[in-house]
Amino acid sequence: MFKKFLLIVCGSIVGSFIAIMVSMLCMVMFGVSIAMTMGQSKAKVKDHSILRIDLSGPIEERQSSIGGVGNLMSMLQGQQSGASLQDIERALGVAMLDEHIDGVVINCDGVSANPATLRSVRNAILNFKASKKWVYAYANGGYDQGDYYVATAADSIFVNPVGAVDVHGMASSTPYFKKVLDKVGVEMQVIRVGAYKSAVEPYMLETMSPENREQHEVYMGNIWGVMEGEMAKARKINLAQFNTYVDSMLATQPVDTLIKRHIVDAKLYRPEFENRLRTLTKVDKTDELNFVSPEELAANYDGGENKDGVIAVVYACGEIDGNSNTEEGIDSEALVDCITDLQNDDDVKGLVLRVNSPGGSAFGSEQIWKALEEFKKSGKTFTVSMGDYAASGGYYISCGANRIFADSTTITGSIGIFGMIPCAQDLVENQIGVNVEVVKTNENADCLSMGMMSKRLTPAQRQAIQNNVNEGYELFTKRCADGRKVSQDSIKAIGGGRVWDGISAKKIGLIDQFGSLADAIEWTAKKVGLKTGYYSVQCYPSAEEDMKAIFGKYMQMRATENMKREMGIFYTYYEKLQAIMHRDHILCLLPESELK
């Protein structure tokens with residue numbers, strides 16, 4: 001009887017599992033078919049339509065896959081997908097010329113993006129306003145700082161009568177782990193070059209070093225200076241007065257006060273705001289508004305006709321050879337192959353590398369640098385457009401460009417190398433009570449062979465690794481010196497791992513000029529002699545994903561969600577530990593800190 005019961009239970013479990021897997025597979029196939037259909041056709045825009053830009057969640061550089069598979073992943077998660085920066089910029093460019101688009105609504109609901117990305121969106125909206133079409137911003141719950149910064153590009157800013165505006169300035173937070181590592185018996189063996197290379201600080205110090213505090217204060221001060229100046233100017237508020245408002249806990253102020261201070265223009269409930277839009281677009285109060293999304297309108301973007309040549313835009317986003325749970329990451333081998341293919345493609349006349357990377361593997365960075373040098377040797381032009389970050393390894397792969405474009409709020413520099421090797425010898429032997437015996441044929445046969453369970457480095461081993469890091473730093477600074485056509489000593493004077501904002505980077509020669517990705521493309525086209533309208537812009541690497549990749553990504557996503565739910569606030573620290581365990585030992589990586 002019991003055996004029969006077990007068979008019934010097991011059969012039910014297996015049947016349920018198969019049904020779930022089949023349902024998920026059907027959902028994926030159905031979603032992909034929809035996504036591919038959307039990707040292959042242009043959007044049909046009705047008369048009196050409104051481009052609605054939803055500022056909610058992260059803004060990626062570009063859609064993770066062709067035809068909206070990124071949207072499919074969000075659909076499977078039960079979430080609404082936000083538009084990419086590429087889609088927003090392209091959609092605004094199309095909307096300028098499309099007579100069916102009456103205006104733009106910026107729907108603010110908690111954007112998660114860094115200053116350079118936010119500024120790119122804001123500048124694209126300002127460019128759109130040259131069309132003389134209207135732009136409105138609205139927040140139902142309230143404006144976060146990033147939302148509000150973008151919203152100040154609008155003609156009018158509206159908020160719910162019980163909403164808020166949270167503009168508070170900039171701060172960074174960096175957790176320091178040395179005390180807890182000491183308590184559990186884990187030692188981080190750190191080898192680095194440069195007092196400013198602070199990525200290792202949380203594991204070797206209990207508090208922030210003076211050098212790290214100095215660089216944070218300088219780059220945050222300059223970035224906030226850009227943002228506060230633009231917000232105050234847009235709202236016609238004296239800069240000193242604006243900062244007084246910011247320091248008054250703006251998020252706690254009633255909406256009427258915000259109106260008096262000219263932080264916002266008016267208070268409206270959402271239905272009232274939508275009725276105002278109906279009046280503007282001549283839509284009856286009983287009819288639905290004609291909204292179009294950036295993803296839809298971006299499908300109408302004209303990348304140009306390949307008459308005389310192609311400008312290739314190559315996206316290098318995320319950590320170089322990093323092992324993370326994010327969709328973005330730079331596979332150095334795949335990127336090298338992509339660059340080599342473009343070098344051998346006669347139609348490709350120039351390459352714009354769009355870098356949004358904090359760096360990563362020193363080895364991977366060198367391989368990408370070499371491929372780009374070979375591209376230049378073929379007689380083709382190589383340009384860099386920096387996004388939020390192009391630091392450490394991100395700068396390594398950028399330094400050889402014919403010209404470097406960046407935003408004033410870009411984070412760059414961090415020219416330095418470090419090694420970080422965890423050792424849990426005390427934890428394993430003294431606290432857990434495991435005795436690890438080693439038999440070896442040579443003196444250093446067991447060095448780094450057992451991961452965290454390895455023995456502590458001997459002085460000779462530590463010195464050998466230090467020499468290796470020093471050689472890596474010499475190579476890094478030489479690459480930068482050769483690329484920027486300056487002396488190696490001058491690079492070392494601004495190197496040492498120091499992080500620079502775009503304003504400072506231009507002053508010290510790390511970048512050439514401020515400009516957007518579009519500016520970098522235009523400069524490259526002119527440099528290679530291509531006339532406007534006679535070349536096409538094509539993006540690489542290909543964003544196509546097969547069914548296996550989509551399904552694998554979905555399963556990884558669900559596993560990550562479960563871990564986050566189970567571990568709560570400790571998941572962040574687990575993720576950092578996993579990153580340490582799976583990264584190369586020698587890194588060119590930006591310090592980790594959270595900007596707010």
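Because the model is predicted, local features need pLDDT of at least 70 and side-chain atom pairs count only at pLDDT 80 or more, while totals for chains, interfaces and linings use all residues. Residues are numbered from 1 along each chain as its sequence is written, and side-chain values use heavy atoms, with hydrogens and water left out.

The protein has 22 helices and 20 strands, where helices (H or I, at least four residues) and strands (E, at least two) are DSSP runs numbered from the N terminus. Of its 596 residues, 48% count as buried; here buried means under 20% relative accessible area, exposed means over 50%, and partly exposed lies in between, with a 1.4 Å probe and protein chains only. Among contacts (heavy atoms within 4.5 Å) between residues at least 6 apart in sequence, 78% join residues at least 24 apart.

The expected span of a helix is 1.5 Å times one less than its number of residues, so the 14 residues of α4 should span 20 Å, which agrees with the 20 Å between its end C-alpha atoms. The helix is mostly covered, with 11 of its 14 residues buried, among them Pro115, Leu118, Arg119, Arg122 and Phe128. The cover over the buried residues of α4 includes the helices α3 (85-97), α5 (145-151) and α8 (210-234) as well as the strands β2 (101-112), β3 (134-139) and β12 (381-391).

Strand β12 also holds Thr381, which is buried because its relative accessible area is 8%. Leaving aside neighbours within four places in sequence, Thr381 is in contact with residues including Lys349, Phe375, Asn402, Trp523 and Val528. Another buried strand residue is Phe418, in β15 (residues 418-423), which counts as buried because its relative accessibility is 1%. The C-alpha atoms of Phe418 and Gly472 are separated by 9.1 Å, although the two residues are 54 apart along the chain.

Next comes the open space. The second largest pocket holds about 1,300 Å³. On a 1 Å grid over the protein atoms alone, a pocket is an open set of points with protein on both sides within 12 Å along at least five of seven lines, whereas a cavity is a set where a 1.4 Å probe fits but cannot get out, and lining residues have an atom within 4 Å of a point. Grid points are joined across faces, edges and corners, and the volume is the space filled by probe spheres set on the points. Of the 43 residues lining this second largest pocket, those closest to its centre are Tyr301, Leu517, Ala518, Asp519 and Ile521. At least two lining residues come from each of α3, α4, β9 (309-317), β12, α20 (517-527) and β18 (535-540), and α3 gives the largest share, nine residues. The lining divides into 19 nonpolar, 13 polar and 11 charged residues, with Ala, Val, Leu, Ile, Met, Phe, Trp, Tyr, Cys and Pro counted as nonpolar, Asp, Glu, Lys and Arg as charged, and the others, Gly among them, as polar.

The whole structure contains 19 salt bridges, each defined as a side-chain nitrogen of Lys or Arg within 4 Å of a carboxyl oxygen of Asp or Glu. In helix α14 (residues 362-377), Glu374 and Lys370 lie four residues apart, about one turn of the helix, and their side chains meet at 3.0 Å, N to O. Glu373 and Lys376 are three residues apart in α14, again about one helical turn, and form a salt bridge whose closest N and O atoms are 3.3 Å apart. Glu373 counts as buried at 16% relative accessibility, whereas Lys376 is partly exposed at 24%. Elsewhere, salt bridges that share partners join Arg119, Arg122, Glu230 and Asp407 into one network.

Finally, the backbone. Most residues other than glycine have a negative phi, and most peptide bonds are trans. A cis peptide bond, with omega of about -10°, joins Tyr540 and Pro541, the latter in the loop between β18 and α21 (547-567). Met249 has a positive phi near 55° and is exposed, with a relative accessible area of 58%. Lys485, in the loop between α17 (459-484) and α18 (488-494), has a positive phi near 60° and counts as exposed at 74% relative accessibility.
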